[in-house]
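Please read these points with the model open.

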Amino acid sequence: MRIRPLKATELHAMRSVWERAGLPYRPRGRDSMQNLRKQLKENPECFLGAFKSGQMVGAVIVSDDGRKGWVNRLAVVPQARGHGIAKRLIAEAERILRRRGRRLHCVLIESYNKDSMELFEDAGYTREDDILYFTKRELKSY
Ligand SMILES: CC(C)(COP(=O)(O)OP(=O)(O)OC[C@H]1O[C@@H](n2cnc3c(N)ncnc32)[C@H](O)[C@@H]1OP(=O)(O)O)[C@@H](O)C(=O)NCCC(=O)NCCS
């Protein structure tokens, strides 16, 4: 299994990994092809794919808000689960963020997603029960 940065031509395959993994995403909002291409161009190292026999089986998007590092849209296709691929993607995301000077890594997990909570706790993340997430959307599709 190999983890490497994705090319712009692989963004459709990344979305296919999300779909096969059952990961909710926003195809008309921040995950539109136009937005993804722009993000990849601005931060080419931040889109990572995990490949097995040349096929993408997992992916993650790393982002850095200048204060904290974020692990986003992590997914592994069902056939490749349980082999530590997500854990390796998280470790690679953290390595990129560390290189950029980030020492606090964060992830938002929906309350139903117990598997993901177990994964991140296993990877050393602490659950912050006293924090609630608030958003204000300026664009309807976001
Ligand atoms: C969550 C997900 C990324 C895990 O991928 P994975 O490659 O199977 O995970 P790993 O093999 O690296 O798991 C590492 C550890 O995480 C925990 N873990 C992962 N999946 C788990 C599950 N289904 N139930 C319980 N614990 C789990 C375990 O502690 C596991 O260690 P172990 O194998 O020694 O028990 C994958 O199930 C997925 O794509 N789910 C749908 C999309 C999603 O929810 N993404 C996260 C958004 S925040």
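1. The ligand is surrounded by 19 residues, each with a heavy atom within 4 Å of it. The closest are Leu-74, Val-76, Gly-82, Gly-84 and Asn-113. This is a predicted model, in which local features need pLDDT of at least 70 and side-chain atom pairs pLDDT 80 or more, while totals for chains, interfaces and linings use all residues. Residues are numbered from 1 along each chain as its sequence is written, and side-chain values use heavy atoms, leaving out hydrogens and water.

2. A backbone N or O atom of Gly-84 lies 2.7 Å from a ligand oxygen, and a polar backbone atom of Gly-82 is 2.8 Å from one. For Arg-81, a polar side-chain atom lies at 3.2 Å from a ligand oxygen. On its own the ligand has 910 Å² of accessible area, of which the protein covers 73% (Shrake-Rupley, 1.4 Å probe).

3. Strand 4, helix 3 (85-99) and helix 4 (114-122) each supply at least two shell residues. Helix 4 gives the most, five. Helices are DSSP runs of H or I with at least four residues, strands runs of E with at least two, numbered from the N terminus.

4. In helix 1 (residues 11-21), Leu-11, Met-14, Arg-15, Val-17 and Trp-18 are buried (under 20% relative accessible area, 1.4 Å probe, protein chains only). They lie on the same side of helix 1, because they cover an arc of only 150° around the axis, taken from the directions from the axis to the C-beta atoms.

5. Gly-22, which follows helix 1, has a positive phi near 75°.

Notes:
Buried < 20%, exposed > 50% of the residue type's maximum accessible area, 1.4 Å probe, protein only. Polar contact = N/O pair within 3.5 Å; in protein donor to acceptor, adjacent residues only side chain to side chain.
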